[in-house]
Amino acid sequence: MVSRVGVPIAIGALCFSLVLGYLSPGAFEGLGQAVGALKIWQWLGAIAATGVSFWALARYDLVLHRHLQTRVPAQQATVTGAAAIAIGQTIGFGVISSAFVRWRMLPDLNLVEATKLSMAVAVTFLLGLLFSMGVLGLVGHSDVLSTITSLCFVFLFMIACLLAFLHPVLSVRHLRIALPSVKALLIIGGLTVIDVVFAGIAIWMLLPVGTDLNILVLLPAFIVALGAGIVTGAPGGIGPFELVLLLLLPQVPDQDLVVAIVSYRLVYYAAPTVVAAGLLARPFPRRELNCNRLVDFKSADLLHNRHAEMGLLLQPGAKTLRAREARIGVIMPGQSLCALFEPLQGTTEECLRVLEHLAHQRNMSALFYKANAQQACRARRLGWSVVHVADDMVIKLSRDGTNGPQYRQVRRKLRQADKAGVEIVMTPTPPWHDMAQLDLAWQTNNGDARTLTMGHFCPEYLRHQKIALAMHEKVLIGFASFHMGHSGLCLDLMRTSANAPSGTMHALIMAAISEARVL
């Protein structure tokens with residue numbers, strides 16, 4: 001603990017001593033008069049830029065509150081975020097100090113939750129800072145950040161977005177870390193650019209009148225200095241910030257730069273800290289949490305369903321979205337909150353409105369999959385974009401089996417399976433262990449199961465389905481599973497061994513069709 005506190009202070013003191021040695025003699029002469037000589041429009045411009053910067057800073061908290069599902073109201077999240085960052089950046093030790101501010105101001109959060117939030121803000125801000133460095137390095141008129149370096153920073157940010165898309169949950173030993181969605185990372189990246197640009201404008205506005213410094217030259221140097229102050233953890237970044245800024249802007253007279261830095265610290269650090277201290281003295285009251293609108297999906301929800309494929313909602317992780325008197329099944333495939341099929345109860349319009357609201361609260365995209373034409377029209381009237389993805393294949397059981405020339409290939413496959421001695425068994429007590437081994441071998445040969453609407457092997461999930469087994473000399477060589485509903489059967493999972501005779505899966509499907517005829 002001593003080293004965590006002492007090292008940043010020591011680094012700040014060392015850098016500040018280097019600043020004093022670097023400055024030309026007389027840099028501090030008449031400093032008070034020079035600061036007082038700044039025009040009123042300069043102070044107002046700097047204050048306005050500071051306000052925009054802190055607006056962006058406060059939005060970090062709102063995005064991450066949604067990611068961590070704290071259910072803290074938006075206004076409380078933004079006000080607390082601004083106060084935590086104002087105090088944290090001034091006294092240093094950002095994660096620790098800002099965590100205590102959030103804990104104090106939001107009684108509904110415990111200290112662990114407040115610390116998680118502060119760590120999430122710190123990590124994503126540094127990621128956004130890299131992106132901002134890349135963007136400002138590409139558009140700025142400065143040699144501080146080369147084009148290659150800037151492109152690398154932007155590339156690293158895009159890699160982080162790709163990681164969040166491909167692996168929304170990281171597993172580190174027994175620890176599971178849910179990464180922010182791509183949408184959340186892009187918002188944070190944009191907010192960070194706004195934050196640092198307007199913070200740079202604030203210090204640029206406070207340069208003495210007549211100082212010849214292009215804002216596009218200042219911004220790359222400013223963001224590198226800001227990063228140095230944050231990484232070292234020095235209180236207020238004092239020392240590293242000034243040293244880097246002086247080294248990267250040698251064309252600016254020392255006294256002019258000192259005037260701007262001192263004035264900037266008054267506007268961007270001292271004033272927000274005073275306001276934040278007042279807010280800290282009056283924390284938000286405790287509140288009654290709203291009822292969770294997403295609850296675990298239960299098999300009882302399917303008692304009156306008309307479509308067999310709704311059995312997909314029995315997969316682990318599926319939820320029921322509750323919207324007053326309406327209910328609809330929901331899954332969360334990584335970056336989206338996705339409703340499946342028609343509402344279990346109530347109207348489509350009511351369900352979609354709540355779905356869109358909840359997706360926004362979670363930094364996710366709202367989707368409605370497997371909607372029929374009528375539901376798609378209703379969604380379009382609500383402002384949703386509608387895309388025709390695919391059509392379901394429906395087998396009409398009234399037809400005469402596989403008779404006719406159009407089914408000759410099917411008949412040939414069925415004869416091959418029969419000749420090889422493949423036996424199809426419909427059983428209520430499947431051999432789960434043998435099926436698991438077959439599924440593992442299938443995934444080894446064909447790649448990981450895609451899950452969700454493509455099905456996956458899970459005994460608790462498959463217990464609600466009708467199972468057809470393919471046996472050859474009393475050895476399991478394949479199986480297929482089918483959702484059951486009032487309208488018939490719906491194919492879900494298909495697995496065969498690598499040495500299964502030709503026509504095995506055809507025989508499994510035909511057995512299910514025969515079973516459906518008697519249901």
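## Terms and model

Two strands pair if DSSP finds at least two bridges between them. Helices (H or I, at least four residues) and strands (E, at least two) are DSSP runs, numbered from the N terminus.

This is a predicted model, in which local features need pLDDT of at least 70, side-chain atom pairs count only at pLDDT 80 or more, and totals for chains, interfaces and linings use all residues. Residues are numbered from 1 along each chain as its sequence is written, and side-chain values use heavy atoms, with hydrogens and water left out.

## The sheet

Strands E8, E9, E10 and E11 form an open sheet in the order E8-E9-E10-E11, with antiparallel pairing. At the edges are strand E8 (422-426) and strand E11 (488-496), each pairing on one side only. From one strand to the next, the twist averages 20°; angles run from 0 to 180 degrees between N-to-C directions, and axes are lines fitted to C-alpha atoms, for helices over the stretch in contact.

Seven bridges join strand E10 (residues 475-485) to E11 in the antiparallel sense. Phenylalanine 479 has arginine 495 in E11 as its bridge partner.

## Helices on the sheet

Helix H15 (residues 432-446) lies across strand E9 (466-472), E10 and E11, and runs at about 100° to E10. Helix H17 (residues 504-518) also packs on the sheet, where it touches E8, E9, E10 and E11 (contact means heavy atoms within 4.5 Å). The direction of H17 makes about 35° with that of E10.

## Threonine 70

Threonine 70 sits in the loop between helix H3 (40-68) and helix H4 (74-91). Its relative accessible area is 17%, so threonine 70 is buried (under 20% relative accessible area, with a 1.4 Å probe and protein chains only).

Definitions and conventions: Buried means under 20% relative accessible area, exposed over 50%, partly exposed in between (1.4 Å probe, protein chains only).
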